[in-house]
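Colleague: Please walk me through the aromatic rings here.

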Amino acid sequence: MILDKNDLVQIYKQMLTIRRFEEKVAEFLAQGTIHGTGHLYIGEEAIAVGACRAIKDEDYITSTHRGHGHCIAKGADLNKMMSELLGKETGYCRGKGGSMHIADVETGNLGANGVVGGGIPIACGAGITIKMKKLKRVVLCFFGDGAVNQGVFHESLNLASVWDLPVVFICENNLYAMSTATKIAFKIKDLSLRAASYGMPGVKVDGNDVLKIYEEVIKAASRARDGRGSTFIVCDSYRWKGHSRSDAERYRTKKEVMEWKKRCPIERFKKYLLDRGYLNREVAEQIEGEVNLSIQEAVDFAQKSPFPSLKTLEQDVYAS
Amino acid sequence: MPTVELTYREALRRALREEMVRDENVYMMGEDIAIYGGAFGVSLGLLEEFGQERIKDTPLSESVIVGAALGSALTGMRPVAEIMFMDFITIGMDQLINQAAKIHYMYGGKACVPMVLRTPGGSGTGAAAQHSQSLEGLLCHIPGLKVVMPSSPYDALGLLKSSIRDNNPVVFVEHKLLYSQKGLVPEKEYLVPLGKSEVKREGTDLTLVALSVMVVRALKAADKLAQEGISVEIIDPRTLVPLDSEAIINSVKKTHRLLIVHEACKRGGFGAEILSQIEESDAFDYLDVPIRRLAGSDIPIPYSPGLEKGAVPQEDDIVEAVRELVG
């Protein structure tokens, strides 16, 4: 799949949408407008966008507690997302899930997950469905560096490998599992080395390079679709914001954060587009305006939406 | 209606077979279920009939067995996963409790997880503390899970078929001591609905609610007690979630006495739930004596035969408890 100029501009716009969406969420978290917690994807936008651009609408993803970016990249409706964050009836989960549980199974988003690593075996299950129904689809399974040390990571990658499941495992290595640095939690420096023990390819990419991520996921997805099995891709990136609302960030320096901000995946891609003439200042401003408008519309929609009635409290515990 | 005699094991196998023939989305996965036929032989022969694509031997990985069952259920399959011993569900507990049980609600009712987790519980095989537990109480505490515990071949067959057709995660608790138990089942296809108890023996002096293998022991105890002129009504809830408490309430109103018998540890066991529901119902006013629970000791299941037997209610214990309540 070769990306044309329009695709490239759309990629930029989607990354920017995630950034602006998350900035609005940060504002709402600070104000208490969002009453729960939230884990922001700012700084890691290239991973979700590059990866999801490489798959089709009918393909699946499993996401994480830091899942807003994956949702948007998989084509979620911003109105329903913002409504869910505000706990409204019109949200993806009718206000019952919140930030960590946004899902839209019909469009292939099998859900964010409040448990680190919790989505990894679920991705394997979707892979089983694809294989048994001979669907030629693929599952992108997103998780962070913290999940790589969970038992289910081991169980799932091994199962995916022995059964040649069409799952692409994408580790977003943002260097910290909450406050625990990867250098404390891993003896190995390159997490993709883990793939070797499952007999699957392991790839390490610059997680701030959207096109490089796209390229690797295209390769892995095509391999998966052809029945040649799973791939483990590690994208090195950085989360600009704290782990969640309550993070005092005692485990890292301001200098380190500043250094990573200089490597902003969006600015970097914007420069790439400008340098090649795929984007000019005028179009960039227009895109910025459209993105801001879409976020504002989502906020308006969510704020105008009703909270769920208490009558719904005990509904949907069991499916009929 | 023509019937055929089957063991509990054969009844389960027939249910699996019928459902796999009926619906191509039904498949099985678990440790040693294919060539080996399952640790207790339930799936023996199914590999030959359905092939390895639908009878999947997994690596020894309970978390991904439960999680992958859930992921495939979420995307259109109807998996029947086997966990070799009920004790090992603890290894897959995140996927069962935090994931499978919650998805339908957490996603606002917009997705469902039609999966069955079959697992044998119970003691009596000399397998000691890590292979003998009855952990259904833990599961009944979790909204979103259904919990089924058949005590006869007839119920095992009909309930497993209903569980497979149900759109929720169902934990189907078998009992090791029941696998070779024989019983008559109709030759024709039938279902036993979830959430419907059965009166296994009618009586007038006392209502005895028993779970799983305790139903078999209670029936034997009731025969003995009948010779003494004590008439025991035995109710098998068959599914703990949803629980058919109405049937128990009605029976208690008739007999005025209630004894609850289960193998699981008494503390926090499902008997406490049944007891409370009856206490909170209008059947309370009909009680002549306080409700009594006869349950497993609050200990890990010990190895030595005498100790193992002593840890859980036996036929004589049931006889004794009934005499005390009626006498």
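Colleague: Is A:W260 buried or exposed?

Modeller: This is a predicted model, in which local features need pLDDT of at least 70, side-chain atom pairs count only at pLDDT 80 or more, and totals for chains, interfaces and linings use all residues. Residues are numbered from 1 along each chain, chains are lettered from A and ligands numbered from 1 in the order written, and side-chain values use heavy atoms, without hydrogens and water. Buried means under 20% relative accessible area, exposed over 50% and partly exposed in between, with a 1.4 Å probe and protein chains only. A:W260 has a relative accessible area of 13%, so A:W260 is buried.

Colleague: How many aromatic pairs are there over all chains?

Modeller: Rings of Phe, Tyr and Trp (its six-membered ring) pair if their centres lie within 6.5 Å; planes under 30 degrees apart count as stacked, over 60 as edge-to-face and the rest as tilted. Searching the whole structure gives 13.

Colleague: What is the angle between the planes of A:Y238 and A:W260?

Modeller: These two rings form a stacked pair, 5.1 Å centre to centre. A:Y238 is buried too, at 0% relative accessible area. The angle between the planes is 5°.

Colleague: Which charged residue sits over the ring of A:W260?

Modeller: A charge sits over a ring if NZ of Lys or CZ of Arg is within 6 Å of the ring centre and within 35 degrees of the ring normal. Here the charged end lies 4.1 Å from the ring centre, and the residue is A:R263.
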